[in-house]
Amino acid sequence: MEPPSASPRAGRGPWQELLLAVSLLTCWNPPTTAQVTVESVPPNAAEGKDVLLRVLNLPGDLLAYHWFRGKSVETNNRIVSYVVNTQVITPGHAHSGRETAYPNGSLLFQNITLKDTGYYTLQIITNDVQVEQVRGQLRVFHKRSTTGLPVGSIIGIALGVLIGVALMATLAYFLLCTRTGRASAWHDLRQLWHPASTPCHAPVSSSTSPASLPSPTKEVPIYQELQHPDTSIYCQINHKAEVAS
């Protein structure tokens, strides 16, 4: 007669049951809550563009959230607040009029400036009054042209080129006027030394030819008297001299 067979649990001790329970706990992992993060889109923005601080993994039991400028959550630094149940958005003291809040927690900046560069803090409040804070950062740089130079540099270069062209034009005009003035003076001097003759007038000469002088025997009466003296006059003169003597 054979002895009765032992049951499967006959040889299992308490330590084996404890090991089985630990194995089951190791294999079963409870779902973990994703961490809330904030990212800038785009990461680096040019001055004058729009930038979005996008919130990822926002909890589903959200009660409200607040955005603050900087790393502290002081009241004066509050940009905007949003309440989920009422969907009411309330601007804060640090709101500049260029920020827009969205129900998903993201914050849009329009026409950003260099002063917007820095950290921003998002404060999250859940329905069980759990408070969490997460930070994001904006990076703003000067707007540059397609050539990689700042707009101010491009304007300065353009003004320099225009001023240089104006100076060169002024110098060329001055040299042209100087050369024209010298040529005109030289031409006038040559005209003075060697006057040109015209078809209607003979050239003026500084010397006078003997043929052009008037004949003394024809033009001057005294020469005629010397050539033909009046004898009656001489006789009267001699008679007066004898009477006087």
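Me: Where does Gly-118 sit?
Reply: In this predicted model, Gly-118 is part of strand E9.

Me: Is Gly-118 buried or exposed?
Reply: Buried, because its relative accessibility is 17% and the cut-off for buried is under 20%.

Me: What does Gly-118 touch, leaving out residues up to four places away in sequence?
Reply: Gly-136, Gln-137 and Leu-138.

Me: OK, switching to charges. How many salt bridges are there?
Reply: The count is 4. One of them joins the side chains of Glu-99 and Arg-69, at 3.4 Å from N to O.

Me: Which parts of the chain does that pair tie together?
Reply: Glu-99 is in strand E7 (residues 99–101) and Arg-69 is in strand E4 (residues 62–69), so the link is between parts 30 residues apart in sequence.

Me: Are those two buried or exposed?
Reply: Glu-99 is buried, at 6% relative accessible area. Arg-69 is partly exposed, at 24%.

Me: What about Asp-116 and Arg-69?
Reply: Their side chains also form a salt bridge, 3.9 Å from N to O. Asp-116 lies in the loop between strand E8 (107–109) and strand E9 (118–126), so with Arg-69 in E4 the pair ties together parts 47 residues apart in sequence.

Me: And is Asp-116 buried or exposed?
Reply: Buried, with a relative accessibility of 2%.

Me: Where's Arg-98 in this?
Reply: Arg-98 is in the loop between strand E6 (88–91) and E7. The side chain of Arg-98 meets that of Asp-116 in a salt bridge of 3.0 Å, N to O. Asp-116 is in the loop between E8 and E9, so this pair ties together parts 18 residues apart in sequence.

Me: Which residues end up in one network, then?
Reply: Arg-69, Arg-98, Glu-99 and Asp-116, joined by salt bridges that share partners.

Me: New topic: which residues are on the covered face of strand E1?
Reply: Val-38 and Ser-40. The uncovered face has Thr-37, Glu-39 and Val-41.

Me: In what sense do E1 and E3 pair?
Reply: Antiparallel, over 5 bridges, with E1 covering residues 37–41 and E3 covering 51–56. Thr-37 stands opposite Leu-56 in E3.

Me: Zooming out, how many helices and strands does the protein chain have?
Reply: There are 5 helices and 11 strands.

Me: What share of the residues counts as buried?
Reply: 18% of the 245 residues in the protein chain.

Me: Last one: what share of the contacts comes from residues 24 or more positions apart?
Reply: Among contacts with a separation of 6 or more, 48%.

Definitions and conventions
Residues numbered from 1 in each chain as written. Predicted model: local features only at pLDDT ≥ 70, side-chain atom pairs only at ≥ 80, totals over all residues. Heavy atoms only, no water. Helix = DSSP H or I, 4+ residues; strand = E, 2+ residues; numbered from the N terminus. Buried < 20%, exposed > 50% of the residue type's maximum accessible area, 1.4 Å probe, protein only. Contact = heavy atoms within 4.5 Å. Pairing = 2+ DSSP bridges.
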